[in-house]
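I opened a new model today and kept notes as I went. The entries below follow the order in which I looked things up.

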Amino acid sequence: MVKNNERAGIAAFIQSKCPRCGKGKVFSGSLFSLRSFSDTLEYCPNCNLSYEPETGFFFGAMYFSYALIVGSIIVGSIVMNFLDLFDYAIYVIPVLLILLLPLIFRHSRLFMLYVVYPLMYEEKFYGKRKDSEENK
Ligand SMILES: [Zn+2]
């Protein structure tokens, strides 16, 4: 069973697993399918955590997506510069970004689930706590 205050670690994040139990998958489609890479399940098949605590929850993923894309451009530029291929960076980096788009999309949503969800919707994420009931 899932204990209070426990959540999945970085391995589950990389494997796109549930942020609470670390076992159920978050996405139903294949990462390599253009039609279904964005299909997100509504609930964790293992612990029944709702992946969308309120309508539009995943709009916030745009901020993480922006950060991941800008970070990729910076890292790509530095790497291309070290390889002495910086003149080709204007062609190579956009192609890489398009190829990485499904991964960036999914991990932006996972950042929302792993970082924002436990902070904003503590009760939905961890379940009702004993100490919060005593304070009422
Ligand atoms: Zn779960």
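**Entry 1: ground rules.** I am working with a predicted model, in which local features need pLDDT of at least 70 and side-chain atom pairs count only at pLDDT 80 or more, while totals for chains, interfaces and linings use all residues. I number residues from 1 along each chain as its sequence is written.

**Entry 2: the whole chain.** I looked up the secondary structure and found five helices and zero strands in the protein chain. Here helices (H or I, at least four residues) and strands (E, at least two) are DSSP runs, numbered from the N terminus. From the N terminus on, I read the order as α-α-α-α-α. The radius of gyration is 18 Å, well over the 14 Å that the globule rule gives for 136 residues, so the chain is more spread out than a compact globule. That radius is taken over C-alpha atoms, and the rule is 2.2 Å times the number of residues to the power 0.38. I also noted the box that the C-alpha atoms fill, roughly 65 × 30 × 25 Å along the principal axes.

Entry 3: How much of the chain counts as buried? I found 15% of the 136 residues. A residue is buried if 20 or more other C-beta atoms lie within 10 Å of its own, exposed if 12 or fewer, and partly exposed in between, with C-beta atoms placed from the backbone. Two residues are in contact if their C-beta atoms, placed in that way, lie within 7 Å. Among contacts between residues at least 6 apart in sequence, 48% join residues at least 24 apart.

**Entry 4: α2 against α3.** Helix α2 covers residues 61–82, and α3 covers residues 89–120. I read a packing angle of about 145° for the two, with their axes 8 Å apart. Axes are lines fitted to C-alpha atoms, for helices over the stretch in contact, and angles run from 0 to 180 degrees between N-to-C directions.

**Entry 5: the core.** Which residues make up the largest nonpolar core? I listed twelve: C18, V26, F27, C44, L49, Y51, A61, L110, F111, M112, L113 and Y117. Helix α3 gives the most to this core, with five residues. Such a core is a set of buried Ala, Val, Leu, Ile, Met, Phe, Trp, Tyr and Cys residues joined through C-beta atoms within 7 Å. I then picked Y51 and left aside its neighbours within four places in sequence; Y51 is in contact with V26, T40, L41, E42, Y43, C44 and L113.

**Entry 6: loop residues.** S16 lies in the loop between α1 and α2. Its phi is near 60°, a positive value in a residue other than glycine. S16 counts as partly exposed because it has 17 C-beta neighbours inside 10 Å.

N48 is in the loop between α1 (10–14) and α2. Is N48 buried or exposed? N48 is exposed, as 11 other C-beta atoms lie within 10 Å. N48 and G76 are 28 residues apart in sequence and 39 Å apart in space, C-alpha to C-alpha.

D84 sits in the loop between α2 and α3. The phi of D84 is near 60°, again positive in a residue other than glycine. With 7 C-beta neighbours inside 10 Å, D84 is exposed.
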